[in-house]
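User: Could you walk me through reading helix packing in a model like this one? I'd like the general idea and then the actual case.

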Amino acid sequence: MTDDSQRNFRSVYYEKVGFRGVEEKKSLEILLKDDRLDIEKLCTFSQRFPLPSLYRALVWKVLLGILPPHHESHARVMAYRKEQYSDVLHALDVIRFVSDATPQVEVFLYMHRLESGKLPRSPSFPLEPEDEVFLAIAKAMEEMVEDSVDCYWITRCFVNQLDSKYRDFLPQLPKAFEQYLNLEDSRLLSHLKACSAVSRLPYDLWFKRCFAGCLPEPSLQRVWDKVVSGSCKILVFVAVEILLTFKIKVMALNSAEKITKFLENIPQDSSDAIVSKAIDLWHKHCGTPVHSA
């Protein structure tokens, strides 16, 4: 595609979704100045472009339903959210479920469990698999969001989105991963099958935890932008791109155990390139999805 056609494509795209400029940050700033935030346009922007860090928490809070679209309600609603946060935290303190020594992510977990009516009788009870997922996501979110109240609400609503909106779709992601890896590199998939590794790949880390604990936070934020704005299928293409990026290493490994161990601890210095290529793959195979898993 020539430079002129690229510019024309971008101009047509911006015109279609209501963006009048060609500079993404300014376009987002225009959207955020509206008295009533347009959820559909925010989703479209987030799926098409990376969110500037300055605005990410605000956009996520709106898209996750923590804040309403109307600007004038934001301060009042966040005051309610902070009050609820304090009340739940105080309740846990009164029943001696948490203390000053309790790690913040565990405090978030017990708050979430209490509000969900699933608080165990004692903090010494073994963690459920979903608790491990929550903690992994909360730990990553803690690196992204400085304010503890915002961090709790975004984590809670992000996890709730996975458990509700994506509940039926998440179990299908391993099959989709296999399908797209076959399209991109059938030889690599054949090697995984020959090693009996396909069923033993770290799907929980990739899909249930949305790469929390696998990718560093700067790269992870770009992936979660897409998940928050309506598509968890981006997770499939990140997984595919990890395999493509480390193809030579994976092809040299001859057992499922070795392959899985390596994929659970991939080199961090390649993560930004992996996410960029994964987003390109996502658009290649899915176009620009909006409000779709």
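User: Is the crossing of helix 12 and helix 16 left-handed or right-handed?

Analyst: Left-handed, going by this predicted model.

User: Which residues make the contact of helix 12 and helix 16?

Analyst: From helix 12 you get Ser219, Arg222, Val223 and Lys226, while helix 16 brings Ser271, Asp272, Val275, Ser276, Ile279 and Trp282. Sorted by class, the contact of helix 12 with helix 16 has four nonpolar, three polar and three charged residues.

User: Now the other pair: at what angle do helix 9 and helix 13 pack?

Analyst: About 45 degrees, with the axes of helix 9 (residues 173-184) and helix 13 (residues 234-245) 9 Å apart. Helix 9 and helix 13 are therefore oblique to each other. As for handedness, their crossing is right-handed.

User: Which residues of helix 9 and helix 13 meet?

Analyst: On the helix 9 side, look for Leu173, Ala176, Phe177, Tyr180, Leu181 and Glu184. Facing them from helix 13 are Leu235, Val236, Phe237, Ala239, Val240, Leu243 and Leu244. The class tally for helix 9 with helix 13 is 12 nonpolar, no polar and one charged.

Terms used:
Residues are numbered from 1 along each chain as its sequence is written. This is a predicted model: local features need pLDDT of at least 70, side-chain atom pairs count only at pLDDT 80 or more; totals for chains, interfaces and linings use all residues. Side-chain values use heavy atoms; hydrogens and water are left out. Axes are lines fitted to C-alpha atoms, for helices over the stretch in contact, and angles run from 0 to 180 degrees between N-to-C directions. Helices (H or I, at least four residues) and strands (E, at least two) are DSSP runs, numbered from the N terminus. Angles under 35 degrees count as roughly parallel, over 145 as roughly antiparallel, 65 to 115 as roughly perpendicular and the rest as oblique. A crossing is left-handed if the near helix is turned anticlockwise from the far one by less than a right angle, and right-handed if clockwise. Contact means heavy atoms within 4.5 Å. Ala, Val, Leu, Ile, Met, Phe, Trp, Tyr, Cys and Pro count as nonpolar, Asp, Glu, Lys and Arg as charged, and the others, Gly among them, as polar.
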